Amino acid sequence: MTKISYHISHEQFNPKDLLQLVVKAEKAGFQGALSSDHFFPWNENQGESGFAWSWLGAAMASTEFTYGVVNAPGQRYHPAIIAQASATLALMFPGRFWMAVGSGQAMNEHITGTGWPDKQTRNERLKECVDIIRALWNGETVTHKGLVQVEEAKLYSRPKEPPLLVGAAITETTARWLGGWADALITISHPVEQSHPIDQLTKIINAFREGGGEGKPLFLKMQVSYDKTEEIALEGAFHQWKTNIFKNNLLSELRVPAQFEAAAKYMKPETIKEHVKISADPQKHIDWIKEYAALGFQEIILHNVNKNQEQFIDVFGSQVLPEINKSS
C-alpha cells in the first residue's frame with residue numbers, strides 16, 4: 001500500500017497555523033508528514049520561515065503519524081547537533097521519525113558567512129556529515145578533521161533504533177551516488193516539459209538501485225494545486241510557487257528571496273503547469289497519484305502549493321485518499 005502524506009511548508013504558513021493543519025490532515029486520513037527546513041521563504045508572498053526542529057516536537061506530540069524532515073547538514077547546521085536533535089525525536093517517538101539529507105541551497109546556508117562551496121565539495125561534505133551522524137547514533141566518540149570539524153563528540157540520549165536516513169536526489173547521477181549509503185531515496189515529480197516525466201523518474205529509481213539501493217524504500221514529493229476551479233488553482237500556484245520551479249543549478253545558487261523574484265519576473269502563469277499538477281477535478285489528482293504509485297513509491301507526500309490548505313485537506317480526505325487506499 002502506498003502511504004499518502006502531507007507536506008509541511010514552513011515558508012508559506014506560520015508554525016502555529018501549520019500545527020493546526022497537520023492535526024487536521026491526520027484526522028482527514030493522511031498517514032504522515034514531511035517538513036521543510038528553511039531559513040528564508042522562497043519569495044515575499046510566502047512570507048514565513050519557522051524553525052522546523054522546534055515545530056517537530058510539538059507536532060509529533062500532537063499527532064500519531066510519522067514525520068520526516070529535509071535537512072542540509074554541514075554549514076548552517078553542525079552534524080553533531082543534527083545527530084542530537086534527530087536522536088532525541090527518534091527516542092521520544094519510536095518508529096515515527098525519518099530524516100532526508102541533501103547538499104543544500106545558498107539561500108539558507110549563506111547566512112553563516114563562510115562562503116558557498118561548489119556542488120562536488122557540497123556532496124563530499126554531505127557524505128562526511130552522514131558518516132558523523134551515523135557514528136554518533138551508534139554511540140561512538142567522534143573526532144573528525146575534514147570539510148567538517150568534530151572534536152570528541154558523543155551522544156548519551158539515543159534511540160534503540162536510529163532514524164531512517166533518506167538521500168534526496170533529482171538527477172540520475174546523484175541517485176546512483178547515494179544508493180550506496182542512503183537508507184532510502186526521496187525525489188520529486190518531474191516537470192512535464194520533459195517528453196516522458198515518468199520515464200525520467202524511472203531512470204532515477206533505476207540509478208538509485210544500480211548504485212546500491214536495491215530493495216530500499218522510495219519516497220516521492222508531489223507538487224499539486226487543487227482549488228474550486230482550475231483558474232483559481234493556477235493563480236494560487238503561480239502566486240506562491242513561481243520562484244520554486246527553476247533548474248536545480250539555479251535554485252541552489254540564489255541567495256535571497258528578492259533574487260528568486262527577479263528571476264521569475266517575466267514568467268507566465270502557464271509555465272507553472274509544467275511543474276505542478278493543477279486541477280479542480282479530484283479524479284485527475286487520483287489518476288496522477290496512481291501513476292506515480294505504480295512506479296513503486298512506498299510513500300507519496302502531497303504538497304498543495306496554494307494557500308487554501310483547509311479546503312485541500314477536506315476534499316482530498318473525503319474524495320482522494322479513500323480511492324487511493326482502495327486501489328493500493
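This is a predicted model: local features need pLDDT of at least 70, side-chain atom pairs count only at pLDDT 80 or more; totals for chains, interfaces and linings use all residues.
**Figure 1. The overall build of the protein.** Here you can trace 12 helices and 11 strands. The radius of gyration is 19 Å, close to the 20 Å that the globule rule gives for 328 residues, so the protein is as compact as a globular protein of that length. Along the principal axes, the C-alpha trace spans about 60 × 40 × 40 Å. How many of the contacts between residues at least 6 apart in sequence join residues at least 24 apart? The share is 75%.

**Figure 2. Strand E1, covered on both faces.** Let us zoom in on strand E1, made of residues 3-8, where six of six residues are buried. In a regular strand, side chains alternate between the two faces of the sheet.

**Figure 3. The partners of strand E1.** Which strands pair with E1 in the parallel sense? One of them is E11, residues 299-304, which is joined to E1 by four bridges in the parallel sense. In that pairing, look for Ile 4 standing opposite Ile 300 of E11. Another partner is E2, residues 32-35, also parallel to E1, with three bridges between them. There, His 7 stands opposite Leu 34 of E2.

**Figure 4. The hairpin of strands E5 and E6.** Strand E5 (residues 142-145) and strand E6 (residues 149-153) run antiparallel and are joined by three bridges. A hairpin of three residues leads from E5 to E6. To find your way, look for Lys 145, which stands opposite Gln 149 in E6. Strand E6 also holds Glu 152. Although Glu 152 is not a glycine, its phi is positive, at about 50 degrees. Is Glu 152 buried or exposed? With a relative accessibility of 61%, Glu 152 counts as exposed, because the cut-off for that class is over 50%.

**Figure 5. Gly 57 and its contacts.** Gly 57 belongs to helix H2, which covers residues 52-62. Its relative accessibility is 24%, so Gly 57 counts as partly exposed. Which residues does Gly 57 touch, once those up to four places away in sequence are set aside? They are Leu 89 and Phe 93. Gly 57 and Leu 89 are 32 residues apart along the chain, yet their C-alpha atoms are separated by 6.9 Å.

**Figure 6. Ala 263 in helix H10.** Our last stop is Ala 263, found in helix H10 (residues 257-263). At 39% relative accessibility, Ala 263 counts as partly exposed. Leaving out neighbours within four places in sequence, Ala 263 is in contact with Phe 246 and Leu 254. How are Ala 263 and Thr 141 placed, given that they are 122 residues apart along the chain? Their C-alpha atoms are separated by 46 Å.

Terms used: Residues are numbered from 1 along each chain as its sequence is written. Side-chain values use heavy atoms; hydrogens and water are left out. Helices (H or I, at least four residues) and strands (E, at least two) are DSSP runs, numbered from the N terminus. The radius of gyration is taken over C-alpha atoms; the globule rule is 2.2 Å times the number of residues to the power 0.38. Contact means heavy atoms within 4.5 Å. Buried means under 20% relative accessible area, exposed over 50%, partly exposed in between (1.4 Å probe, protein chains only). Two strands pair if DSSP finds at least two bridges between them.
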